[in-house]
Amino acid sequence: MRSLRLLLLALALAVPAAAQETFRGPSLVDGDSIYVLEGGVLRRYRRSDASPSGELRLGKGGGDEDGPSKHRILSATSPDGLTWTPGDVIVEPASVPDAVLGPDGLVRLYYVDPAINGISVGIEDASGRWTFRPTNLRGADPNVLLLDDGTYRAFTKEGTSRGRFVVAESADGIDFSRPRLAFEDDRYPNVTDSDVFEAENGWVLYASIGPRLLLAESADGLAFESVRTIDLGGSVGDTVPTPDGFRMYFHRNPTGSERMTIWSASSRDGRQWQVEGRRLRGRADGPDALGVGDPAVVRLPDGSYRMFYKSFIPAR
């Protein structure tokens, strides 16, 4: 720990605090955050996680028994969107990923960042190196779209005491406009995790209500009204277009000896769905052994697919 304290002190003196940074070394002090690269995994901690003597209380995040401070984000790849090969941890602690391809073709990974109590974005360059920085989005459960004109549109869940989503827009995907109300229905006060996309006959929003989904619709993609609930056996969905319509990825909660797993369903119109089967499960001895959930999928320019998903940090 003494060597880690010295390294943190040296980096704090040598590297100016900034909102944007590409992390190359094992540790970095950046404003109110401390970043530690351990075993190829970038971990982010608050300065409050360091004792007065400079020692980091690694792996002992506060908060609920299960929350963003206990989660990590990993990625998987697929040639067809059906068969997936899991990969490595991208960032932890972090939760509720969403991903979009920017106008430059680079992946932008949005996620709930417990270190800032907000939403951060990671941008992966052509060499596979990630650059992380905070956005001004607030709330939780980011769902970010890239519109045809290059505008980023982001939906987030506002607060924790009522079921409402707000929407904001941005030219660069980092600095967003003042949010406006997109959805609120007193009959569904516990909705989370919006999944918004444009279908043939207007815009569609799916929200999670525990293990079920709520369908809402909109003519303009900005203001949504409830339609009905549906049951696919899971929730926290993310939908991508396919040649035949749409595919939704979602997770199913643990049942018996099975931990949380990721499934898919297909639809021609974005409203009527047929469950296809399980797509991803945690590896017995891997970094996602405790279960996988919250899938976010993008189709890459070469036609392959990339999934970002949540797993759980083992207790230490």
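1. Let us start with alanine 171, which touches Gly150 and Tyr152, leaving aside residues up to four places away in sequence (contact means heavy atoms within 4.5 Å). Alanine 171 sits in the loop between E13 and E14; helices (H or I, at least four residues) and strands (E, at least two) are DSSP runs, numbered from the N terminus. From alanine 171 to glycine 150 the C-alpha to C-alpha distance is 7.2 Å, although 21 residues separate them in sequence. Alanine 171 counts as exposed because its relative accessibility is 73%; buried means under 20% relative accessible area, exposed over 50%, and partly exposed in between, with a 1.4 Å probe and protein chains only.

2. A word on the model before going further. This is a predicted model, in which local features need pLDDT of at least 70 and side-chain atom pairs count only at pLDDT 80 or more, while totals for chains, interfaces and linings use all residues. Residues are numbered from 1 along each chain as its sequence is written, and side-chain values use heavy atoms, with hydrogens and water left out.

3. Next, the sheet that holds E13 and E14. Four strands form an open sheet in the order E11-E12-E13-E14, with antiparallel pairing (two strands pair if DSSP finds at least two bridges between them). Strand E11 (140–146) and strand E14 (180–184) are at the edges with a single partner strand each, so one side of each has no neighbour in the sheet. From one strand to the next, the twist averages 25°; the axes are lines fitted to C-alpha atoms, for helices over the stretch in contact, and angles run from 0 to 180 degrees between N-to-C directions. Strand E13 (residues 164–170) pairs with E14 over four bridges in the antiparallel sense. Arginine 164 has glutamate 184 in E14 as its bridge partner.

4. Now for the charged pairs. Side chains of opposite charge can pair when their charged atoms come close. The count is twelve salt bridges, where a salt bridge is a side-chain nitrogen of Lys or Arg within 4 Å of a carboxyl oxygen of Asp or Glu. One of them joins glutamate 92 and arginine 72, at 2.6 Å from N to O. Glutamate 92 belongs to strand E6 (residues 85–92) and arginine 72 to strand E5 (residues 71–78), so this pair ties together parts 20 residues apart in sequence. Glutamate 92 is buried, at a relative accessible area of 1%, and arginine 72 is buried too, at 8%.

5. Which residue forms a salt bridge with aspartate 185? The partner is arginine 187, with the closest N and O atoms 2.8 Å apart. Aspartate 185 is buried, with a relative accessible area of 12%, whereas arginine 187 is exposed at 60%.

6. Arginine 278 and glutamate 258 form another salt bridge, their closest N and O atoms being 2.8 Å apart. This pair links distant parts of the chain, with arginine 278 in strand E22 (residues 274–280) and glutamate 258 in the loop between strand E20 (245–252) and strand E21 (261–267), 20 residues apart. Arginine 278 is partly exposed, at 37% relative accessible area, and glutamate 258 is partly exposed at 22%. Salt bridges that share partners bring Glu258, Arg278 and Arg281 into one network.

7. On to the aromatic rings. The whole structure has nine aromatic pairs: rings of Phe, Tyr and Trp (its six-membered ring) pair if their centres lie within 6.5 Å, and planes under 30 degrees apart count as stacked, over 60 as edge-to-face and the rest as tilted. Tryptophan 84 and tyrosine 249 make an edge-to-face pair, at 5.9 Å centre to centre and 85° between the planes. Tryptophan 84 lies in the loop between E5 and E6 and tyrosine 249 in strand E20, 165 residues apart. Tryptophan 84 counts as buried at 8% relative accessibility, and tyrosine 249 as buried at 0%.

8. Phenylalanine 197 and phenylalanine 246 have ring centres 4.9 Å apart and planes at 40°, so this pair is tilted. Phenylalanine 197 is in strand E15 (residues 192–199) and phenylalanine 246 in strand E20, 49 residues apart. Both phenylalanine 197 and phenylalanine 246 are buried. Elsewhere, Tyr111, Trp130, Phe132 and Phe308 form one aromatic cluster.

9. Finally, aspartate 294, in strand E23 (residues 293–299). Aspartate 294 counts as buried because its relative accessibility is 6%. Beyond residues up to four places away in sequence, the contacts of aspartate 294 include Ser95, His251 and Phe308.
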